[in-house]
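Here are my notes for you to read beside the model. Take the points one by one and find each residue as you go.

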Amino acid sequence: MRERPDLLITGTHLISMDSAVGDVADADVLVRDGRIAEIVPHAGARDAMDAEVIDGTGTIMLPGFVDTHWHLWNSLLRGTVGDRPGSGYFTVKRALAPHFELGDFYWAARFGLAEAISGGITTVHNFDHNVRGPQDADANIQAHLDSGLRGRFSYGPPDSAPPEATNDLDDLRKLRARWPAEQLDGRLDFGVALRGPYRTPPEVYEREWAEARALGMPITMHCDRCLREEGCRACGLVRLEELGLLGEDVQVVHAVHVDARDIEALARTGTRVSLSPMTELRTMGFPLLTELLEAGVPVSLSLDTLAMPTSADILGHLRMIVSMEAARTGSGTVTPRRLLQLATIDGARDLGLHDTIGSVTPGKSADLVILRGSDINLVPSGDPVEALVYTGQVDNIDTVIADGRVLKRRGGLVRDDDEPDPVAMAAARRDALLARAAAAGDWPPSSTTPSTTAGEGSLQ
């Protein structure tokens, strides 16, 4: 693992996302042993005390972005999914998922995480819904650790698993023994990705929920009935509350068609919601961000997948969201600063990491993004927060630091000399994957209509 030097970032405009620290227009930030040690106003040259100095003059610093729902395994499908006949997301995913090899899982995750670093994302929740065996889970975990990023790995079923099959609960119990804390470098924890009552019968989801809670593992579940039920106008979350399936240990993803009663159930139970507006607008409808926030529902943001028309340009996503909510609701609830909170401290809170990351606070881990505030698209600027959301671009990101390690410097990803390029490796693995699927007669797909799994259409 890359070394973790002490760092002194000087003269940066700090957007801390911590109300006690506030915004500091000209700040020096000292990092020691991977943690924020000191934040003081810049007062000219100072003793770096053997720390590596990063000149922050003309830059903007904020905490690293947190993505709370990302299917890293299908990052290799970018370019195969599209608008062409036979290239729909579910058609392509179901054709290629069975042909993934161990190296595909590893390099798909490394590729996605490399793009995360490029976009200033320092924490990723890997919602893995194609775990075909323990080795696949291990490949994802190793990729995450090798990337240098922080996150969570949520263990799911194989793609298109039959409704009557549970997750591999035996391996779920063995996971922590196989990956003890000292191997995880304090950067990774484990959760469970479950299909829930929309897709599995009671004997499956009741057992899975009980096992996850007995192991103390947080649960994540898609709520996307809108993809399977024409005219869907509610998510049925009141029923999930009655079944005891909601709570602070549960994250619901998408929930685009929540009605007022659904929102009340989420708020009552403290259930967390991860919204992926770019893919939701593409396939589901308008996410109800303003309504969820005004009801007090804990909300965070995510990319979902690189297989769809998405990239790790978080600032571009935030710009789209603020404009969408202004047009859709006319409410002032969703502001640029509120969106930065969703992408940082609220994402950390969703993953239970708010005491560790999500703000630039003394004592917290140094997960930091430094942008060039003097780039043409960010000047002149009256309010750096508004400038970042309204005109910021991924190309403005100069430096990314995760857990005190510099992973992006002067606009380029940092790699060891003997480290393979994740982009080149992913391209090669994708080509070999398509060749195997073609040899088996599964590529290109013969059907353009996404199949549905028996039992998906109703709450059982």
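1. Start at one residue. Arg430 is partly exposed, because its relative accessibility is 23% and buried would need a value under 20%. Its side chain meets that of Asp431 in a salt bridge, at 3.3 Å from N to O. Asp431 is also partly exposed, at 46% relative accessibility. Keep in mind that this is a predicted model.

2. Salt bridges also link up. Arg4, Arg150, Asp185, Arg187, Asp367, Asp403 and Arg405 belong to one network, joined by salt bridges that share partners. The whole structure holds 33 salt bridges.

3. Look next at Glu52 and Arg409. Their side chains form a salt bridge, 2.7 Å from N to O. Glu52 sits in strand E4 (residues 52–55) and Arg409 in strand E16 (residues 405–409), so this pair ties together parts 357 residues apart in sequence. Glu52 is partly exposed at 26% relative accessibility. Arg409 is partly exposed at 30%.

4. Now a pair within one helix. Asp346 and Arg349 form a salt bridge, with their closest N and O atoms 2.9 Å apart. Both lie in helix H13 (residues 345–350), and because they are three residues apart, about one helical turn separates them. Asp346 counts as buried, at 13% relative accessibility. Arg349 counts as partly exposed, at 37%.

5. Is Leu7 buried or exposed? Leu7 is buried, with a relative accessible area of 0%. This residue belongs to strand E1 (residues 7–15). Its contacts beyond four places in sequence include Val29, Leu30, Val31, Glu52 and Val406. The C-alpha atom of Leu7 is 37 Å from that of Thr279, which is 272 residues away along the chain.

6. Turn to the sheet. Eight strands make an open sheet with parallel pairing, in the order E6-E7-E8-E9-E10-E11-E12-E13. On average, neighbouring strands are turned by 25° against each other, direction ignored.

7. Zoom in on one strand pair. E10 (residues 219–223) and E11 (residues 250–254) run parallel and are joined by five bridges. Thr220 stands opposite Gln251 in E11.

Methods
Residues numbered from 1 in each chain as written. Predicted model: local features only at pLDDT ≥ 70, side-chain atom pairs only at ≥ 80, totals over all residues. Heavy atoms only, no water. Helix = DSSP H or I, 4+ residues; strand = E, 2+ residues; numbered from the N terminus. Buried < 20%, exposed > 50% of the residue type's maximum accessible area, 1.4 Å probe, protein only. Contact = heavy atoms within 4.5 Å. Pairing = 2+ DSSP bridges. Axes fitted to C-alpha atoms, helices over the stretch in contact; angles between N-to-C directions. Salt bridge = Lys/Arg side-chain N within 4 Å of Asp/Glu carboxyl O.
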